[in-house]
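Student: I would like to go through this structure step by step. Please show it first.

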Amino acid sequence: MEINLRKAKSLITKSNIPKIDFVINPYVGCQHGCIYCYAEFMIRFTGHKGDKWGEFLDIKTYEFDKIKPARYDGKKILLSSVTDPYLPLELKYENTRKILEKLVGTKAEISVLTKSKFVTRDIDLFKKFENIEVGISINTLDSDFAKLIEKGASRPRERLKALKEVHDNGIKTYTFISPFFPQITDYRAIIEETKAYTDSYMFENLNFRPHNVPRILKIIKKHYPGLIPVYQEFRKDHTLWDLIESEIESYCEKLKLTYKIEFHHGGFSKS
Ligand code: SF4
């Protein structure tokens, strides 16, 4: 892992994500190195051309005292969008913790999203916020498959354990079932496992992008060879996602869950 320090102009930046006003990305890069990562485009904008996603991390440096909690009152903040706030190196550099410490007192709505068991370190801080929810993203309970697609992240069971601990401490939680791998993501099993300590669910489909398609197909071929034709179909016929969306919808309605389906495919999702 190549580690650099990078002076940041700001740590809380305006967002282009619908319904999110600001995003916080304490690092450039991500140790988790997920094969499907949509944030990999960051390589081009951050002087990392030629570097491999998942193999570098820039630690943003900033005068943390410049963060003024009142500035974000009434806004929605996502932590994080193009990195993970609880990377293993967060334990050493603590950028996420330093930012949260400075934000205490804000009336912003904060959403924390991670694939890391280390999120439990900040339970004491989460308790100081008026409006915060903490989520984990997960798409399989199969540890071997997770290791192939999200090599640096905590294993699925570790994430679930962490989420339960957060919930047991009175903090609102959500499970983000993402990205949804057709015929692999057993969302019913994930819901069954998590519903006792999850306040709401979100779903997002797998996005095929030119940079990630070869990697995804390579792993499917290795782990689920029979599914290659299915994945080829999903690449060609985007309406297949609509069927999954309807199925999830009926299932969540039946269980009376609070949920949101964010299937984005350049406008072809029925929602
Ligand atoms: S955790 Fe998120 S940002 Fe990090 S590599 Fe995985 S998908 Fe990308």
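Student: Which residue stands opposite Ser111 in E8?

Tutor: This is a predicted model, in which local features need pLDDT of at least 70, side-chain atom pairs count only at pLDDT 80 or more, and totals for chains, interfaces and linings use all residues. Residues are numbered from 1 along each chain as its sequence is written. Strands (E, at least two residues) are DSSP runs numbered from the N terminus, and two strands pair if DSSP finds at least two bridges between them. E7 (residues 109-114) and E8 pair in the parallel sense over five bridges, and in E8 the residue opposite Ser111 is Glu133.

Student: How many residues of strand E8 are buried?

Tutor: A residue is buried if 20 or more other C-beta atoms, placed from the backbone, lie within 10 Å of its own. Strand E8 covers residues 132-138 and is mostly covered. Of its seven residues, the number buried is six.

Student: In E9, what is the bridge partner of Ser137?

Tutor: E8 pairs with strand E9 (residues 172-180) in the parallel sense, over six bridges. For Ser137, the partner in E9 is Phe176.

Student: Which strands are the edge strands of the open sheet?

Tutor: Eight strands form the open sheet, with mixed pairing, in the order E2-E3-E6-E7-E8-E9-E10-E11. An edge strand here pairs on one side only. The edge strands are E2 (12-14) and E11 (259-261).

Methods
Buried ≥ 20, exposed ≤ 12 C-beta atoms within 10 Å, placed from the backbone. Helix = DSSP H or I, 4+ residues; strand = E, 2+ residues; numbered from the N terminus.
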